[in-house]
Amino acid sequence: MQVPVWPLLTPEDRVWDVQSLFLELTIVFIPIFPVKSKVEDIVQEVYDAYKTNHHSSQYVLQREKHFHYLKRGLRQLTEAYECLDASRPWLCYWILHSLELLDEPIPESVASDVCQFLRRCQSPQGGFGGGPGQHPHLAPTYAAVNALCIIGTEEAFGVIDRKKLLEYLYSLKQPDGSFLMHVGGEVDVRSAYCAASVASLTNILTPALFAGTAEWIARCQNWEGGIGGVPGMEAHGGYTFCGVAALVILKQEHLLNLRSLLHWVTGRQMRFEGGFQGRCNKLVDGCYSFWQAGLLPLLHRALHARGDPALSMAHWMFDQLALQEYILLCCQCPAGGLLDKPGKSRDFYHTCYCLSGLAIAQHFGSGDLHNEVVLGIPENCLQATHPVYNIAPEKVARAVMHFLQYPVPSLDPASAAK
Ligand SMILES: [Zn+2]
């Protein structure tokens, strides 16, 4: 069988270490302020160049360019991507989600190839590894389940072995409510989110599996107001998103101090650049357009449930136009694909999360309360994304409806007690 070989880096592309991935935990001490002013200078140049050459209505999302970059990536990768060999389900998810945001259909044959490939990544122990034959890990498990739900066909849903997945989640559960990322691996708040996300999408979420998890996540909120990887650690956008989204799934957001969380996240939108930073005193980065801005819909919902009378019914609590301006002017690679900040290379991770953040900034609410706030031409408008799962809302609904047809698998007591 032809295995989809992952694509295709042009020489200027930079490869990301993705398994440590979506959190970009660079614990490197650098002189922050000189670097920050340098970034501001570059961003100023970009904005100045734009203002001299264009009218303000001409912010353009380069849809066709991004589409071709993504489409090529689905079929072929060069050896430059070898270092992402343990993250292949992520590449499926980043590309498929970017395509759904752009409203580009996935051809049936490609969808079927992805299903067959992900089936080969599924471990006999349950869960998915980073590639065929690799040990299972919660991060590629999350990515694989999301990718399969985006495809949303019977074939895709049929790939997931729910009983084995439930057994796998139990094998990672810790007595304090937290989860390991993989057997023998580390604990942090990413794992709680990955576990809650896949369990809720596939109807294997049980109170016993998540006993103590919400309380453990709440302990990760620190004095800054955001959430760190484990209790006592520095607040960080990726961990904060994971913690809050997991609590939304578990219906336990009230365990957090929502006001201090709101204060922390709104302070992460950069006044000058318009994009978000991941932590205090760090640089702006396009991927936090989702990890940070994606928190605002979750917070809005939680505060609304408390009956907060000051909440807007038309806008999120961040500057939606400023974020769109940063993404459209500073994060688009002219050859297609999106990136962290001017001067960096494009990659599929940043393409996915810049577009996801753009979608969050463009769409407020849903149903009767839906309000579009689109900077530039109307064609810039992306499809909406679900702020908890970061796949299309209708794909979440389809997956949930599909798996509700089947009962939660019953495990033998030994598996559940492990
Ligand atoms: Zn980034």
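## Aromatic cluster and helix packing

Pairs of rings join Trp 90, Tyr 93, Trp 94, Tyr 142, Tyr 193, Phe 241, Phe 290, Trp 291, Tyr 349 and Tyr 353 into a cluster, where rings of Phe, Tyr and Trp (its six-membered ring) pair if their centres lie within 6.5 Å, and planes under 30 degrees apart count as stacked, over 60 as edge-to-face and the rest as tilted. The model is predicted, so that local features need pLDDT of at least 70 and side-chain atom pairs count only at pLDDT 80 or more, whereas totals for chains, interfaces and linings use all residues. Residues are numbered from 1 along each chain as its sequence is written, and side-chain values use heavy atoms, with hydrogens and water left out.

The structure holds 20 aromatic pairs, and two of them are set out below.

| Pair | Centre distance | Plane angle | Class |
|---|---|---|---|
| Trp 94 and Tyr 349 | 5.6 Å | 75° | edge-to-face |
| Phe 290 and Tyr 353 | 5.9 Å | 40° | tilted |

Trp 94 in helix H3 and Tyr 349 in helix H15 are 255 residues apart, so that this pair links distant parts of the chain; helices here are DSSP runs (H or I, at least four residues), numbered from the N terminus. Phe 290 lies in helix H12 (residues 288-291) and Tyr 353 in helix H15, and the pair therefore ties together parts that are 63 residues apart in sequence. Both Trp 94 and Tyr 349 are buried, as are both Phe 290 and Tyr 353, buried meaning under 20% relative accessible area with a 1.4 Å probe and protein chains only.

Tyr 353 returns in the largest nonpolar core, where, of 134 residues, Tyr 93 and Tyr 353 touch the most other members; such a core is a set of buried Ala, Val, Leu, Ile, Met, Phe, Trp, Tyr and Cys residues joined through side-chain atoms within 4.5 Å. Helix H5 (residues 138-151) gives the most to this core, with 11 residues.

Helix H2 (residues 63-75) has 13 residues and reaches 19 Å from its first C-alpha to its last, close to the 18 Å expected at 1.5 Å a residue, the expected span being 1.5 Å times one less than the number of residues. Its buried residues are His 66, Phe 67, Tyr 69, Leu 70, Gly 73 and Leu 74. Down the axis of H2 these fall within an arc of 165°, so they line one face of the helix. They pack against helix H3 (88-101), helix H4 (108-121) and helix H15 (348-362).

In helix H7 (residues 162-172), 8 of the 11 residues are buried, so the helix is largely enclosed by the rest of the structure.

Methods: Helices (H or I, at least four residues) and strands (E, at least two) are DSSP runs, numbered from the N terminus. Buried means under 20% relative accessible area, exposed over 50%, partly exposed in between (1.4 Å probe, protein chains only). The arc is that of the directions from the helix axis to the C-beta atoms. Contact means heavy atoms within 4.5 Å.
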